[in-house]
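Work through the exercises below with the coordinates open. Each task is followed by a solution in steps.

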Amino acid sequence: MNLDFAQLVPSIPYILYGIWVTLQFVAVSLVFGFLWGTVLSLFKIGKITILRWFADAYTSVFRGTPLILQMLIIYYAIPQLTGVDIGAFAAGVLTFGLNSAAYVSEIIRAGINAVDKGQKEAAMALGVPYRTMMLKIILPQAFKNILPALMNEFITLTKESAIVSVIGALDIMRRAQIVGASNYRFFEPLLLAGIIYYLLVMLLTLAGRVMERRLAKSD
């Protein structure tokens, strides 16, 4: 098969450093996507018609177009229109955060609707303000129910983060491609990149199971 992993050894630290770059993209995008997705979910279940329409239209657009198209628009098209350059890191974070928020909003909305209506009625009967009710009563219960779905979204985001290599961000995938191009041997570095992504996904899966077990203890 003409494989030579010995040539890959000197480049392993270079590829491994891409883990830090990838984790930066994923971590910031996760926080941004979760917070914005929570706001969108509250818009969807709220009584203000304009906000409901906005949240539904937002979700429809970001779920109905390819992620790579959204990233290219943010990285190339918006600077063309505004004259303001957007760095690869900022473009990646914006793309993943905005896209993830669309999916997270649907997950959280479903989780909120799954909470027993008696919880909301009891809080209203006790005179609990709407914001306090959502933050301290409804959302904590919804989060417990939707944790598996959220972890699945986070895992998907971790894998999809590889497309930032298209705009030149030096993540795991981009570094593997550079090593492959310099040695004219792509199988070995891409195989290493695949192993790294797989291990990251397994760690996230394990973390999700640990969180589920801890939350289950309160039942």
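**Exercise 1: the cavity**

Identify the residues that line the largest cavity, then sort them by class.

Step 1. The lining of the largest cavity consists of Asp 4, Gln 7, Leu 8, Asn 183, Arg 185, Glu 188 and Pro 189. A cavity is a set of points, on a 1 Å grid over the protein atoms alone, where a 1.4 Å probe fits but cannot get out; lining residues have an atom within 4 Å of a point.

Step 2. Sorted by class, 3 of these residues are charged, 2 polar and 2 nonpolar. Here Asp, Glu, Lys and Arg count as charged, Ala, Val, Leu, Ile, Met, Phe, Trp, Tyr, Cys and Pro as nonpolar, and the others, Gly among them, as polar.

The model is predicted: local features need pLDDT of at least 70, side-chain atom pairs pLDDT 80 or more, while totals for chains, interfaces and linings use all residues. Residues are numbered from 1 along each chain as its sequence is written, and side-chain values use heavy atoms, without hydrogens and water.

**Exercise 2: the cores**

Which residues have the most contacts inside the largest nonpolar core?

Step 1. A nonpolar core joins buried (under 20% relative accessible area, 1.4 Å probe, protein chains only) Ala, Val, Leu, Ile, Met, Phe, Trp, Tyr and Cys residues through side-chain atoms within 4.5 Å.

Step 2. In the largest core, of 39 residues, they are Phe 25, Tyr 58 and Ile 112.

Step 3. A second, separate core has 11 residues, including Leu 8 and Leu 192.

**Exercise 3: the annotated spans**

Compare the record with the model.

Step 1. An unreviewed UniProt entry places "transmembrane region" at residues 12-36 and 190-211; such annotations may be inferred rather than shown by experiment.

Step 2. Residues 12-36 are 100% helix (DSSP H or I runs of at least four residues), with end C-alpha atoms 37 Å apart.

Step 3. Residues 190-211 are 100% helix, with end C-alpha atoms 32 Å apart.

Conventions:
Buried means under 20% relative accessible area, exposed over 50%, partly exposed in between (1.4 Å probe, protein chains only). Helices (H or I, at least four residues) and strands (E, at least two) are DSSP runs, numbered from the N terminus. On a 1 Å grid over the protein atoms alone, a cavity is a set of points where a 1.4 Å probe fits but cannot get out, and a pocket is an open set with protein on both sides within 12 Å along at least five of seven lines; lining residues have an atom within 4 Å of a point.
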